[in-house]
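This briefing covers strand pairing, helix packing and charged side-chain pairs. Please look over the sequence and the structure before reading the points below.

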Amino acid sequence: MKAEKFNSIAGGASCALLVLLAFSAVGRASPVPKQIGPGLYAYISDNDGSANSTFLVGKDGILVVDTGVDAKEGGKLLTAIRSVSNLPVKYIVNTHYHPDHQGGNSVVGPAAVVISTEWTREHTIPMSRSQPAANGSRFQPADVTFTDQLTLHLEPYTAKIYFPGKAHTSGDALVYFPEQRAIATGDLFLTRSSPAIDHGSVKSWITALDQVLELPVDSIVPGHFELAAKPELKRFRDYLSDLYTQVHNLYEKRATLEEVRRDIHMEKYSDFRQYPKYEATFADNAETIYHELQQQ
């Protein structure tokens with residue numbers, strides 16, 4: 001989800017909240033987690049403004065990937081976790097710095113070790129020094145960071161956390177669960193939706209998705225919307241690739257930005273969600289690619 005169209009939280013730091021239905025789930029029970037492998041569960045948020053989560057239950061503790069937008073959504077996630085296990089939440093991985101993925105950290109795992117890329121930590125620090133997140137939760141910069149990859153052993157399972165290169169942001173993390181043939185992508189993948197791009201790269205993003213498609217994966221937990229598998233991920237990848245190719249061809253013909261926004265043809269992706277307010281539409285994505293090409 002893109003940051004630049006949101007109100008600043010500290011030092012001009014942009015934040016991304018896809019808040020179209022941010023509090024529509026008031027009074028509802030927590031979503032029921034879906035088991036997608038031994039010890040591994042997908043939590044699909046019932047609130048489009050709050051991220052999906054994934055949690056792995058090991059012998060002595062729990063790893064959680066992303067915690068939702070605020071304390072309320074984090075509380076719903078924690079209730080779902082407790083429906084499966086009462087073990088302590090020992091680790092939290094934040095896939096990137098946007099608040100909808102880390103606003104629930106302090107509720108879900110107040111004593112957990114928070115893990116992210118160094119870039120994500122650097123962009124979380126200004127937020128943590130400013131006002132509280134929504135509903136009183138506070139942002140927590142990571143305790144442990146990595147540059148390329150990190151393997152976490154949560155016996156009898158492992159989680160491989162890695163940086164795929166610039167994509168949705170410049171500091172995304174993906175979490176691969178080899179024993180369960182599953183992956184949590186953060187906002188590198190949204191089921192049937194145009195993405196937003198914040199300090200990222202569409203060209204590198206396509207490569208990152210190609211690498212995921214090469215993994216032995218059956219279940220894919222997207223940053224938002226429905227649980228998916230490789231066909232949905234490939235279609236999202238093809239959307240980015242088709243759009244990149246169209247914009248590149250127009251750019252080579254010296255088309256103006258206005259012409260690029262107008263002349264792309266994405267009819268085959270007409271079922272994709274689009275969010276004009278957050279620059280997450282076909283034309284907005286085309287404009288981002290246009291500016292990326294200008295910088296090459």
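The model is predicted. Strand S2 (residues 40-43) is paired with strand S3 (residues 53-57) through four bridges, in the antiparallel sense. Across this pair, Tyr41 stands opposite Phe55 in S3.

**Sheet**
- S2 and S3 belong to an open sheet of seven strands with mixed pairing, ordered S1-S2-S3-S4-S5-S6-S7.
- The edges are taken by strand S1 (34-37) and strand S7 (144-146); each has a single partner strand, so one side of each lacks a neighbour in the sheet.
- On average, neighbouring strands of this sheet are turned by 25° against each other, direction ignored.

**Helix on the sheet**
- Helix H4 (residues 118-128) lies across strand S6 (113-117) and S7.
- The direction of H4 is at about 110° to S6.

**Salt bridges**
- The structure holds 14 salt bridges.
- One of them joins the side chains of Lys76 and Glu73, at 3.2 Å from N to O.
- Both residues sit in helix H1 (residues 71-82), three residues apart, which is about one turn of the helix.
- Lys76 counts as buried because its relative accessibility of 8% is under 20%, and Glu73 is likewise buried, at 3%.
- Lys76 and Glu73 are also part of a salt-bridge network with Asp46 and Lys72.
- Arg237 and Asp238 meet through their side chains in a salt bridge of 3.1 Å, N to O; Arg237 is buried, with a relative accessible area of 19%.
- Arg262 and Asp263 form a salt bridge of 2.9 Å, N to O.
- In that pair, Arg262 is exposed at 58% relative accessibility, whereas Asp263 is partly exposed at 29%.

Note on methods
Residues numbered from 1 in each chain as written. Predicted model: local features only at pLDDT ≥ 70, side-chain atom pairs only at ≥ 80, totals over all residues. Heavy atoms only, no water. Pairing = 2+ DSSP bridges. Helix = DSSP H or I, 4+ residues; strand = E, 2+ residues; numbered from the N terminus. Axes fitted to C-alpha atoms, helices over the stretch in contact; angles between N-to-C directions. Contact = heavy atoms within 4.5 Å. Salt bridge = Lys/Arg side-chain N within 4 Å of Asp/Glu carboxyl O. Buried < 20%, exposed > 50% of the residue type's maximum accessible area, 1.4 Å probe, protein only.
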